[in-house]
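Colleague: Can you walk me through this model? I'd like to start with the rings.

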Amino acid sequence: MKLKKFASVFAASALAVGLLAGCGAGDKAEEGSTGGSKGGDTIKIGVNLELSGAVASYGTSELSGIELAVEEINAAGGIDGKEIELVKVDNKSEPAEATSAALKLITQDKVIAIIGAATSGATVAQAEIANGNKTPLISPSGTSPNVTVKDNGDVNEFVFRTSFIDPFQGTVAANFAANDLGVKNVAIFSDNASDYSKGLASSFKKDFEAAGGKIVAEESYVGKDSDFRSTLTRIKAANPEFIFIPGYYEEVGLIVKQAREMGITVPLMGADGWDSPILLELAGAEALNNTFTTNHYSSEDPDGIIQEFNKKFNDKYSKSPDAFNALGYDTVYLLADAIKRAGGPDSVKIKDALAETKDLELVTGLYSVDENHHPVKSATILEYKDGEQVFNTKVNP
């Protein structure tokens, strides 16, 4: 099913009116949750995010974007006259907490859908609960393929994501290293306890070698490590021209800092897990020079939709948005569009509408869903210069 593009999605209050007003209530499927219709004037949406703990920066950033989008939609009349009501839960950056939170949101709070978690592991922990209770679950930034596809190849029927998947990021990074930077010998330094990091490393290696490159060193660390010097010494001895470090900002910030202190000056690159202001605090602006990341969005992208979003976000929060702000914002509009096409707050119909999404224009790119519930969308490459993220290029799928 082809949708009308969101060309005006981000243009003042007309956005929500054009998108959401006049939605018919529709017939309620017997097997689908209709919590929004039971709640009178509101449609309850759960938010299950990392608001404290190891990766709280991701969850709090996404929540800011979510709240801005909901504020816009409600100010423009809501969805078919019903305002969105957010029910927020902190999963504390723990998969077990995410599972408990999902169960509470569905069985006690009677939400019609859940946004979150920010990380792949905390989203996968909720998948069976979402499937079993027929409640759509959308991760703004869970990039691991197993968020939507089980190990046996079956698709998680009620689980979706707004971000692209890790293999795409790994491919983009490998092609950038080989073609744009022109390097031939690289090292990979990944977190061996993280499916996110291992998946990116595997994809990067496969595509870089396919492009004729050579992996001269493969090393690993474990999340929450703080001293990486002995491993970096081995990597340095292999004399790589480039190091791929697919990890989260808490460890990556220290790795970058220690690598530069040891005289490792080659380009370093990671993925969206780098994207946090804390990375700059840990690594320092100078150490981050000549580093790159794949990401979902850049505030410096000249695209008009992005610049309009930047202005609205800055007006509300007095700062420039990051990729997680944009993904949170986009997830609300993705869900709102599905509710509109579903004809009302019926969870099964919303799930079907999400699966049919095609050519939906959002801040983080033109969005479609494939048969595995993976988004088909573009990626952005950012470069750090003197502590600032600078737009480098955009890569289409």
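Modeller: A search of the whole structure finds 17 aromatic pairs. Rings of Phe, Tyr and Trp (its six-membered ring) pair if their centres lie within 6.5 Å; planes under 30 degrees apart are stacked, over 60 edge-to-face, and the rest tilted. This is a predicted model, so local features need pLDDT of at least 70 and side-chain atom pairs pLDDT 80 or more, while totals for chains, interfaces and linings use all residues. Residues are numbered from 1 along each chain as its sequence is written, and side-chain values use heavy atoms, with hydrogens and water left out.

Colleague: How are Phe204 and Phe244 arranged?

Modeller: They are stacked, with 4.3 Å from centre to centre and 15° between the planes.

Colleague: Which parts does that pair tie together?

Modeller: Phe204 is in helix 7 (residues 195-210) and Phe244 is in strand 8 (residues 242-244), so the pair links parts 40 residues apart in sequence. Helices (H or I, at least four residues) and strands (E, at least two) are DSSP runs, numbered from the N terminus.

Colleague: Is Phe204 buried or exposed?

Modeller: Phe204 is buried, and Phe244 is too. Buried means under 20% relative accessible area, exposed means over 50%, and partly exposed is in between (1.4 Å probe, protein chains only).

Colleague: What about Tyr329 and Tyr333?

Modeller: That pair is tilted: 5.2 Å centre to centre, 50° between the planes. Both tyrosines lie in helix 13 (residues 323-342), four residues apart, which is about one turn of the helix. Tyr329 is buried, at 0% relative accessible area. Tyr333 is buried as well, again at 0%.

Colleague: New topic. What volume does the largest pocket have?

Modeller: About 610 Å³. On a 1 Å grid over the protein atoms alone, a pocket is an open set of points with protein on both sides within 12 Å along at least five of seven lines; a cavity is a set where a 1.4 Å probe fits but cannot get out, and lining residues have an atom within 4 Å of a point. Grid points are joined across faces, edges and corners, and the volume is the space filled by probe spheres set on them.

Colleague: How many residues line the largest pocket?

Modeller: There are 23, and Val55, Ser93, Ala193, Ser194 and Tyr248 lie nearest its centre. Helix 5 (120-132) gives the largest share of this lining, four residues. Helix 7 and helix 9 (249-261) each supply at least two. By class, the lining has 10 nonpolar, seven polar and six charged residues. Ala, Val, Leu, Ile, Met, Phe, Trp, Tyr, Cys and Pro count as nonpolar; Asp, Glu, Lys and Arg as charged; the others, Gly among them, as polar.

Colleague: And what about the second largest pocket?

Modeller: Its volume is about 510 Å³. It is lined by 24 residues, and Asp275, Pro277, Ser320, Asp322 and Gln389 are the closest to its centre. Helix 10 (277-283) provides the largest share of that lining, three residues. The lining divides into nine nonpolar, 10 polar and five charged residues.

Colleague: How many cavities of 30 Å³ or more are there?

Modeller: One. The largest cavity holds about 90 Å³ of space. Tyr248 is in its lining, along with others including Tyr58, Asp272 and Phe324. That lining has five nonpolar, six polar and one charged residues.

Colleague: On to strands. Why is strand 10 largely enclosed?

Modeller: Five of the five residues of strand 10 (residues 291-295) are buried, so the rest of the structure largely encloses it. Thr291, Thr293 and Asn295 are buried on one side, and Phe292 and Thr294 on the other.

Colleague: Which strand pairs with strand 10 in the parallel sense?

Modeller: Strand 9 (residues 268-270) does, over three bridges. Two strands pair if DSSP finds at least two bridges between them. Met269 stands opposite Phe292 there. Strand 14 (379-385) also pairs with strand 10, in the antiparallel sense over five bridges. Here Phe292 stands opposite Glu383.

Colleague: What order does the open sheet of three strands have?

Modeller: The order is 11-12-13, with antiparallel pairing. Strand 11 (360-362) and strand 13 (375-376) are the edges, each pairing on one side only. Two bridges join strand 12 (residues 365-369) to strand 13. Ser368 has Val376 as its bridge partner in strand 13.
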